[in-house]
Amino acid sequence: MKFQILSLIALVGSTSAFAPSVRFERSRSALSAARKPFISGNWKLNPQTKEEAVQLASEIAASINPSSPDADVALFVPYVFIEAAMEAVGGKLQVGAEGVVPEMKGAFTGAVSASMLKSVGVQWTLAGHSERRVIFGETDEYINGQVLKLMEMGMSCMLCIGESESEFEQNLAGAVCAVQLKKGLAGVPKESMDRICIAYEPVWAIGTGKVATPEIAQAVHAECRRILAAMYDQETADSVRILYGGSVTPESVDVLMAQPDIDGALVGGASLDSSKFGRIINYESVLEKV
């Protein structure tokens with residue numbers, strides 16, 4: 001399903017949200033109001049000590065206040081910090097795992113199972129992050145096994161998808177996302193889709209400082225929603241939250257969150273800075289001035 005990014009941009013409607021004259025409100029458009037925003041951070045192989053993890057988690061939790069947007073917030077942290085981070089945030093946000101294996105027990109040195117994670121209170125787990133795909137060689141089939149195991153355990157999954165820079169330049173973003181969605185969600189019934197979030201992370205934007213323009217991000221998100229509608233139905237597609245990831249910053253979050261099909265953010269580097277991530281949690285939706 002090869003598609004042209006520019007053609008999609010033309011289809012997704014007005015870009016008046018980027019006009020110079022705008023106002024800021026903490027509210028969602030009518031189109032996406034039914035989907036609760038989800039702001040999440042992925043710490044990756046950071047920080048280096050338990051003490052640093054506790055301090056960072058505590059500072060991030062402190063940034064959530066009564067005037068914050070009505071959004072779900074989660075931190076995906078290294079396994080060894082999960083319980084300490086949970087205690088540090090005091091229930092103000094979710095603490096999830098950065099990965100899981102499809103197996104439940106046995107001779108799999110270094111692996112962590114869904115049952116282990118659930119036993120310490122984890123509800124959300126990442127699957128399919130590009131670093132797991134590229135560095136660790138996790139295939140779509142292996143990732144699907146992770147997703148299915150999480151569904152079986154009654155847990156929730158954030159399935160990460162996205163194209164490389166060369167694929168983007170060849171206008172293959174839609175095709176790549178279609179394959180990763182269809183393979184990653186194979187066997188997941190419609191009834192379980194309320195425990196699935198999608199994180200669109202263009203690989204060329206992860207940790208590079210590059211950010212897809214709001215128009216491009218919105219176009220790909222709309223295409224992902226169209227793919228989900230074809231896989232399930234329009235009602236299911238309209239209910240699934242699709243997050244944008246890839247060098248999200250305090251400077252880019254507001255206009256990204258204003259897009260009708262962008263329901264949140266999966267944040268990497270900025271989630272390691274409590275001030276920056278606190279600003280992202282407390283995003284301001286940019287709405288066209290009436």
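**Figure 1. Helix H3 and the glycine that follows it.** In this predicted model, helix H3 is followed by Gly90, a residue whose phi is positive and near 60°. Within H3 itself, which spans residues 82–89, the buried residues are Ile82, Ala84, Ala85 and Val89. These residues cover an arc of only 165° around the axis, which puts them on the same side of H3. Glu83 and Glu87, by contrast, are exposed on the other side of the helix. The cover over the buried residues of H3 includes helix H2, strands S3 and S4, and helix H4.

**Figure 2. The contact of helix H2 with helix H3.** The axes of H2 (residues 50–62) and H3 (residues 82–89) come within 8 Å and cross at roughly 35°, and the crossing in which H2 passes H3 is right-handed. On the H2 side the contact is made by Lys50, Val54, Ala57, Ser58 and Ala61, which meet Ala84, Ala85, Ala88 and Val89 in H3. By residue class, this contact divides into 7 nonpolar residues, 1 polar and 1 charged. Ala84, Ala85 and Val89, which take part in the contact, are also among the buried residues of H3.

Figure 3. Leu56 has its place in H2, and its relative accessible area of 8% makes it a buried residue, because the cut-off for burial is under 20%. Residues up to four places away in sequence aside, Leu56 touches Trp43, Ser271, Leu272, Asp273 and Ser274.

**Figure 4. Helix H12, its N-terminal cap and its buried face.** Asp273 caps the N-terminal end of H12, with a side-chain oxygen 3.0 Å from the backbone nitrogen of Ser275. In H12 (residues 274–281), the buried residues are Ser274, Phe277, Gly278, Ile280 and Ile281. Seen down the axis of H12, these buried residues fall within an arc of 160°, so they line one face of the helix. Elements that cover them include strand S2 (38–42), helix H2, strand S3 (72–77), helix H11 (250–257) and strand S9 (264–267). Ser275, whose backbone nitrogen takes part in the cap, is itself exposed, with a relative accessible area of 57%. Pro250 is 25 residues away from Ser275 in sequence, and their C-alpha atoms are 9.3 Å apart in space.

**Figure 5. Ser113, a buried serine in a loop.** Ser113 lies in the loop between strand S4 (94–97) and helix H4 (114–119), and at 3% relative accessibility it counts as buried. Its side chain is joined to that of Ser115 by a polar contact of 3.0 Å. Apart from residues up to four places away in sequence, Ser113 touches Val100, Val101, Glu103 and Met104.

**Figure 6. Ser130 in helix H5.** Ser130 is found in helix H5, which covers residues 130–134, and it counts as buried at 11% relative accessibility. When its neighbours within four places in sequence are left aside, Ser130 is in contact with Ile135, Val203 and Ile206.

Figure 7. Most residues other than glycine have a negative phi, and most peptide bonds are trans. Asn46 and Pro47 are joined by a cis peptide bond, with omega about -15°, and Pro47 has its place in the loop between S2 and H2. Asn171, in the loop between helix H7 (165–169) and helix H8 (173–184), has a positive phi near 60° although it is a residue other than glycine. Ser247 likewise has a positive phi near 60°; this serine lies in the loop between strand S8 (241–245) and H11 and, at 17% relative accessibility, counts as buried.

**Figure 8. The protein chain as a whole, for orientation.** The secondary structure of the chain comes to 12 helices and 10 strands, and 54% of its 290 residues count as buried. Among contacts between residues at least 6 apart in sequence, 76% join residues that are at least 24 apart.

Technical notes:
Residues are numbered from 1 along each chain as its sequence is written. This is a predicted model: local features need pLDDT of at least 70, side-chain atom pairs count only at pLDDT 80 or more; totals for chains, interfaces and linings use all residues. Side-chain values use heavy atoms; hydrogens and water are left out. Axes are lines fitted to C-alpha atoms, for helices over the stretch in contact, and angles run from 0 to 180 degrees between N-to-C directions. Helices (H or I, at least four residues) and strands (E, at least two) are DSSP runs, numbered from the N terminus. A crossing is left-handed if the near helix is turned anticlockwise from the far one by less than a right angle, and right-handed if clockwise. Contact means heavy atoms within 4.5 Å. Ala, Val, Leu, Ile, Met, Phe, Trp, Tyr, Cys and Pro count as nonpolar, Asp, Glu, Lys and Arg as charged, and the others, Gly among them, as polar. Buried means under 20% relative accessible area, exposed over 50%, partly exposed in between (1.4 Å probe, protein chains only). The arc is that of the directions from the helix axis to the C-beta atoms. A polar contact is a pair of N or O atoms within 3.5 Å; within protein, one must be able to donate a hydrogen and the other to accept it, and residues adjacent in sequence count only if both atoms are side-chain atoms.
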